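Notebook open, structure loaded. I am jotting down what I looked up, one spot after another.

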Amino acid sequence: MSWLQKLLPPKIKSREPGAESKGVPEGLWHKCSACGSVLYRTDLENNLEVCPKCSYHNPVSSRRRLDLLLDPEGRFEIGAEVQPVDPLKFKATKRYADQLGQYRASTGEDDALVVLQGAIHNLPVVAAAFEYKFIGGSMGSVVGERFVRGARVALENNLPFICVAASGGARMQEGLNSLMQMAKTSAILTKLADKRLPFISVLTDPTMGGVSASFAFLGDVVIAEPGALIGFAGPRVIEQTVRETLPEGFQRSEFLLEKGAIDMIVDRREMRLQIAQLLSLLSKQPAVAA
Amino acid sequence: MKTTFLDFEQPIAELENKIEELRFVQDDSAVDISVEIGHLEKKSQELTKTIYGKLTSAQISQVARHPQRPYTLDYVNALCTDFEELHGDRAYADDAAIVGGLARFNGQSVMVIGHQKGRDTKDRQYRNFGMPRPEGYRKALRLMKLAEKFNLPVLTFIDTPGAYPGIGAEERGQSEAIGRNLFEMAKLRVPIIATVIGEGGSGGALAIAVADTVMMLQYSTYSVISPEGCASILWKTAEKAPDAAEAMGITASRLKTLSLIDKVISEPVGGAHRNHAQMMASMKKAITDALKPLQEKSIDELLDTRFERLMSYGKFKEVAAV
């Protein structure tokens, strides 16, 4: 036994050789799924979950998304009182009611949309963000209702409305109720349009199906994060239908920009400033200081 | 035309075959067997009634997709006079999966729009199996705007497996085209009546189905995803489609109970395809009855009601904020 080992407290001494690596707190390091770089977790967090090496945009939770977007002061949550039910007593391999409980436990959210009133660079707004980890960010009755309540607060207070989408589409487990959320969310936007209140739609990875085919493309300005999968039908469904390989980069943000489907691609690190700038232009306010 | 029988209708098919045979025999027979035939015909009717009295959701979705079911143009030609089909979205193409145009219904000018399926292989291909591309939805919107300009009611007929999942459709903005219609239809300043006549397949159906009155034929379906699609995602096998059909609640009667549609239009015994004439008569009455109260309202009142109805969609609970 070396002099060093003699000095060590017994707890540490008892460790097997090679145990040091296991002692590293979980999640301290992150391997980028795009470029494979090993990143210090804190660095990634400070970089808004964007890989500093390759600019890959990692998914972020709805709360974190809104945190990155809004000023720290004066935030109020809208629609938290709206909670999911299981209207059809739906059961596939799992019961929908049980699924709701499981996702509540795993995400800390009780459905797939969080709405906050707040400000961006001192410009008051209402902002909504999807929680993709809650049943694939699927849109059911609660998502639709919270979206509408957010928009109504914007209407009452003459505020712009922002929505950051991340969703696989409509929530099958609520049947036709979910399909109707497409009509519901699109309809409330007609009221914002009547009052000339801006609706900014931000599309992130992924924005598909019923979410893509309703309010997502109805933004006065439609922004996408780089490399996001955005479309109506999923790539696998299309491949099965047309029986050919899809072109490189098909349904990615860059492809959509080229096809004229979106206004711009904005890096997450520029998003907050970019949205503030757009809002200040639309509402004829002075330029926002970076 | 010889009736195509579905798998669960085989007992009816056997009886009908027997009746057919007897008729053939009677033609060159001295013995009168018409009484026997009449008896069998009655039996076949009864059997059909019994079978159709307890159809499962999966069976109803088979009837909704029946190859002899009346399609949009069958209704338009039977119900309307002076149909003038209008083509194209003025931007890219004319999509044959959606038809539309001016017509007279009960002598009154209207705009009719609907998904169109084909009858034979060639026609089906031409109509793309009733699966529209963005230009189809944009044509529909153009016609709705035209109706608004000239203050004509809009009658839509829904019958699609869904919007077409193709490369070109995505490139030309399938999502935007559908979303745009949902937005515009919510505030279109003329009465809209939507009737699901066959398959109401997801967003591709809804894109022409936002309306003041939504009706469904007795054996039509309306769903957020096809039973096959739902089953392959949630059960990991498309073979569970019958379970998915049951679980999602896709039939007219279930959706009426859930207050998601306004009216169920009865079909002839054995489905709309068994008696087109009778089906057309019921449809004419249903649309006439639906249109009258809508036209009696002021347009602002109509739009308020339409909007409140859209806002009422969805089931959730409210808890006191913590």
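This is a predicted model: local features need pLDDT of at least 70, side-chain atom pairs count only at pLDDT 80 or more; totals for chains, interfaces and linings use all residues.

**Thr72(B)**

I started at Thr72(B), which lies in helix H4 (residues 72–79) of chain B. Residues are numbered from 1 along each chain as its sequence is written, chains are lettered from A and ligands numbered from 1 in the order in which they are written, and side-chain values use heavy atoms, with hydrogens and water left out.

Is Thr72(B) buried or exposed? I get a relative accessible area of 1%, so Thr72(B) is buried. My cut-offs, with a 1.4 Å probe and protein chains only, are under 20% relative accessible area for buried, over 50% for exposed, and partly exposed in between.

Its side chain reaches the backbone oxygen of His115(B) at 2.6 Å. Next I listed contacts (heavy atoms within 4.5 Å). Setting aside neighbours within four places in sequence, Thr72(B) is in contact with Val99(B), Gly114(B), His115(B), Gln116(B), Phe157(B) and Ile197(B).

**Strand S5 of chain B**

I moved on to strand S5 (residues 192–201) of chain B, where 10 of 10 residues are buried. Which strands does S5(B) pair with? I call two strands paired if DSSP finds at least two bridges between them.

- Strand S4 (residues 154–160) of chain B runs parallel to S5(B), joined by 6 bridges; Phe157(B) stands opposite Thr195(B) there.
- Strand S6 (residues 213–217) of chain B pairs with S5(B) in the parallel sense over 4 bridges, with Val214(B) opposite Ala194(B).
- Strand S7 (residues 221–223) of chain B is also parallel to S5(B), over 3 bridges, and Thr221(B) sits opposite Glu199(B).

A reminder to myself: side chains in a regular strand alternate between the two faces of the sheet.

**Where A meets B**

I counted 57 residues of chain A in contact with 45 residues of chain B. The two chains bury about 4,600 Å² between them, 73% of it on carbon and sulfur atoms. Buried area here is the accessible area (1.4 Å probe) that two parts lose on being put together, summed over both. On the chain A side, Met172(A), Leu176(A) and Phe232(A) lose the most area to chain B, together 15% of what that side buries.

How many salt bridges are there between chain A and chain B? I found 2, taking a salt bridge as a side-chain nitrogen of Lys or Arg within 4 Å of a carboxyl oxygen of Asp or Glu. One pair I noted is Glu171(B) with Lys259(A), at 3.9 Å from N to O.

The elements giving two or more residues to the chain A side are strand S4 (82–84), helix H6 (141–157), helix H7 (176–194), helix H9 (235–242) and helix H10 (253–259) of chain A. H7(A) has the largest share, with 16 residues.

S4(A) runs antiparallel to strand S9 (residues 316–318) of chain B, joined by 3 bridges. Pro84(A) stands opposite Phe316(B) there.

**Two spots in chain A**

Val125(A) has its place in strand S6 (residues 123–130) of chain A, and at a relative accessible area of 0% it is buried. Its C-alpha atom is 9.4 Å from that of Leu279(A), 154 residues apart along the chain. Beyond four places in sequence, the contacts of Val125(A) include Leu70(A), Leu116(A), Leu159(A), Ile162(A) and Leu279(A).

Asn47(A) is in the loop between helix H3 (41–46) and helix H4 (62–69) of chain A. Asn47(A) counts as buried because its relative accessibility is 17%. Leaving out neighbours within four places in sequence, I see Asn47(A) in contact with Pro52(A) and Arg269(A).

**Chain A overall**

Last entry: chain A comes to 11 helices and 11 strands, and buried residues make up 52% of its 290 residues.

Terms used:
A polar contact is a pair of N or O atoms within 3.5 Å; within protein, one must be able to donate a hydrogen and the other to accept it, and residues adjacent in sequence count only if both atoms are side-chain atoms.
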